[in-house]
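I opened a notebook page to look things up in one structure. Here is what I want to look at first.

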Amino acid sequence: MNNINYEYIQNYINQLLPESSGILRELEEYARENHVPIITHEVGNLLRILIKATNTKSILEIGTAIGYSTILMGMAAGEGFKITTIEKNKEMIDLAIKNIKAAGYENNITILEGDASEVLKSLKDSRDNYDMIFIDAAKGQYMDFLHLSFDKLKVGGLFICDNVLFRGMVAEKSLVIRRKITIVKRLRKFLSFISNHEAMQTVIIPIGDGISITLKQKEAKFDE
Ligand code: SAH
Ligand code: MG
């Protein structure tokens, strides 16, 4: 139970979905055994649908971990896709490199090492470069990531974030764990911001740990 949906609804939806196969299945097993927080099946399916429906070919990802979501998104994007993915943990990067090779995607996927806030600042030449941005990393920094990456997304592109409801804590005070209060407050501020900004159209979907989908309607300037 993750405090986001009724457990019976979540279980029902999950058992409808076909099981993964091949490398995705292997990575799911690895993630389960080693407690790597990869996206859930429902979130994976949503990403597949969004990528295919929008004919997305170029993606910027923050939070690679073992490369599970990276490979899943690449498979959905198909022929000629390009993904730039940012990760700060060296051990994770080594695993991701190995997994991306095993998937045969080493020419399509570029991993950039470092803290995303720093790496994004160095990506100066990538204005309007991406059809989609997928964020699945330090939840307290989502606002920074938005500010630093929004100009890299094409108008009409989707800016998607995972874990935005953070085990229900973001929506319900009584669920908040004391030491998570700062992250929860930041997430609330972030969700309110992307829900009300004139350059954006946002929907928040309570699947997985909560996912936000924001359409970039026009360019925006942010003052920090
Ligand atoms: N998207 C992956 C799971 C990512 S888990 C999947 O679904 O398969 C989150 C990852 O984000 C972790 O590996 C963590 O090291 C990385 N991370 C957290 N904060 C980061 C930051 N500020 N910059 C870069 N990577 C970060
Ligand atoms: Mg996540």
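I start with a term: contact means heavy atoms within 4.5 Å. Helices (H or I, at least four residues) and strands (E, at least two) are DSSP runs, numbered from the N terminus.

The model is predicted: local features need pLDDT of at least 70, side-chain atom pairs count only at pLDDT 80 or more, and totals for chains, interfaces and linings use all residues. Residues are numbered from 1 along each chain as its sequence is written, chains are lettered from A and ligands numbered from 1 in the order in which they are written, and side-chain values use heavy atoms, with hydrogens and water left out.

**Entry 1: helix H2**

I looked up H2, residues 22-34. It has 13 residues and reaches 19 Å from first C-alpha to last. That is close to the 18 Å expected at 1.5 Å a residue (1.5 Å times one less than the number of residues).

Which residues of H2 are buried? I found Ile23, Leu24, Leu27, Glu28 and Ala31. Buried means under 20% relative accessible area, exposed over 50%, partly exposed in between (1.4 Å probe, protein chains only). Seen down the axis of H2, the buried residues fall within an arc of 140°, so they line one face of the helix. The arc is that of the directions from the helix axis to the C-beta atoms. An α-helix has 3.6 residues a turn, so residues three or four places apart point the same way.

On the other side of H2, I noted Glu26, Arg32 and Glu33 as exposed. The cover over the buried residues of H2 includes helices H3 (41-53), H4 (68-77) and H5 (90-102). After H2 comes histidine 35, with a positive phi near 55°.

**Entry 2: aromatic rings**

I searched the whole structure and found six aromatic pairs. Rings of Phe, Tyr and Trp (its six-membered ring) pair if their centres lie within 6.5 Å; planes under 30 degrees apart count as stacked, over 60 as edge-to-face and the rest as tilted.

One pair is tyrosine 142 with phenylalanine 190: edge-to-face, 5.7 Å centre to centre, 75° between the planes. Tyrosine 142 is in helix H7 (residues 142-149) and phenylalanine 190 in helix H8 (residues 181-196), 48 residues apart. Both are buried.

Next I checked phenylalanine 193 and phenylalanine 222. Their centres are 5.9 Å apart and their planes at 55°, so the pair is tilted.

Ring pairs also link Tyr142, Phe145 and Phe190 into a cluster.
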